[in-house]
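Dear colleague,

I am handing over the structure we spoke about, and I would be glad if you could look through it alongside the notes in this email.

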Amino acid sequence: MGSTSACTFPAAEAGASKARRATVDITDFCPNRCIICSRTDAKPLMRMLGFPAFEKIIRSHPSLESAAMEGGEPWCNPDIVKMINLCFARGIMADISTSATVWREDVVQALAANGGKWRLQVHIPSADAAGYEKFTGNNAWDAVLANVQHLAERLGRESLWLRTTICAENLGGLKGIVELSEKLGLKLGIAPYIPVGGGNATVLAPGKIDSVLVYAAAYGADFFGAKGKFTGCPVLSASYGITLQQGGCPGLNGTSIHYDAGGNARTCEYMRGN
Ligand code: SF4
């Protein structure tokens with residue numbers, strides 16, 4: 001895959017940063033092998049970003065309002081609690097993702113002690129065991145469901161989200177996902193699979209995006225981070241034939257930055273395939 005120099009996120013060293021949000025892949029290790037995943041063709045897949053590198057990133061961007069810890073499976077990083085606590089100490093919202101395939105008592109305790117300063121997004125692509133295993137390659141459905149329920153009991157539901165990415169392979173299960181989020185009492189975020197940057201899933205057929213939008217609108221689901229609206233990504237716009245409803249790409253205008261598990265500023269995932 002090539003990359004476009006036009007879509008290279010600003011490096012941390014590139015002078016005064018105006019970034020308000022940092023997305024940091026704190027590991028590229030994950031027990032799952034999802035069909036949508038951009039990391040399945042990335043090498044190596046075992047990197048763990050250390051706390052010093054994370055701290056350097058955070059200190060390089062003094063205007064940060066939120067820091068997303070992603071991956072890979074972020075909960076596999078042994079330093080994640082130190083990273084979360086650094087965000088708390090600096091008044092930055094810790095925006096944490098997980099597949100809920102692993103349980104980290106120290107992470108749960110750190111979040112429980114800091115109500116309101118974090119968001120936890122649990123990424124689940126299916127609402128049943130067979131669909132889950134087909135999508136993720138991991139026979140972990142029972143453990144994932146139990147972990148999500150325990151998270152809700154321990155942390156409450158205010159800052160807990162269910163997230164799902166919809167491609168052709170799991171579009172038929174979207175109703176089940178919505179019902180699962182309602183049963184668990186969790187807010188739901190929906191995004192369509194992005195047809196560049198990696199993964200082996202099938203992009204939604206033209207017109208099928210409407211099915212996803214209907215759910216997003218009907219359930220008030222957060223859609224690309226903006227309720228019922230698309231963010232300003234030109235690749236998404238072109239891929240799905242939709243009109244952008246918001247201003248420019250946050251990566252291009254420098255308000256959002258992204259680092260890989262080696263601590264390197266990276267090009268936008270969406271643009272890599274162009
Ligand atoms: S859980 Fe996330 S990081 Fe892990 S394989 Fe699936 S999409 Fe990739």
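The notes below go through a pair of helices, then two further helices, and finally a single residue.

Please bear in mind that this is a predicted model, in which local features need pLDDT of at least 70 and side-chain atom pairs count only at pLDDT 80 or more, while totals for chains, interfaces and linings use all residues. Residues are numbered from 1 along each chain as its sequence is written. Helices (H or I, at least four residues) and strands (E, at least two) are DSSP runs, numbered from the N terminus.

The axes of helix 1 (residues 51-60) and helix 2 (residues 80-89) come within 10 Å of one another and cross at roughly 25°, the axes being lines fitted to C-alpha atoms over the stretch in contact, with angles from 0 to 180 degrees between N-to-C directions. Helix 1 is therefore roughly parallel to helix 2, a term used for angles under 35 degrees. On the helix 1 side F51, F54, E55 and I58 take part, and they meet K82, M83 and L86 of helix 2, where contact requires C-beta atoms, placed from the backbone, within 7 Å. By class, this contact has five nonpolar, no polar and two charged residues (nonpolar: Ala, Val, Leu, Ile, Met, Phe, Trp, Tyr, Cys and Pro; charged: Asp, Glu, Lys and Arg; polar: the others, Gly among them).

In helix 3 (residues 105-112), V107, A110 and L111 are buried, meaning that 20 or more other C-beta atoms lie within 10 Å of a residue's own, whereas exposed means 12 or fewer. These three cover an arc of only 95° around the axis, which puts them on the same side of helix 3, the arc being that of the directions from the axis to the C-beta atoms. E105, Q109 and A112 are exposed on the other side of helix 3, and its buried residues pack against helix 2, strand 4 (118-123) and helix 5 (141-155).

Helix 6 (residues 174-184) has I177, L180 and S181 as buried residues, and because their arc is only 100° around the axis they lie on the same side of the helix. The face turned away from that side carries the exposed residues K175, E179, E182 and K183, while the buried residues pack against strand 5 (160-166) and strand 6 (187-192).

Lastly, V212 in helix 7 (residues 209-218) is buried, with 21 other C-beta atoms within 10 Å. Leaving aside neighbours within four places in sequence, V212 is in contact with I166, L174, I190 and P192.

Note on methods. Parallel < 35°, antiparallel > 145°, perpendicular 65-115°, else oblique. Contact = placed C-beta atoms within 7 Å.
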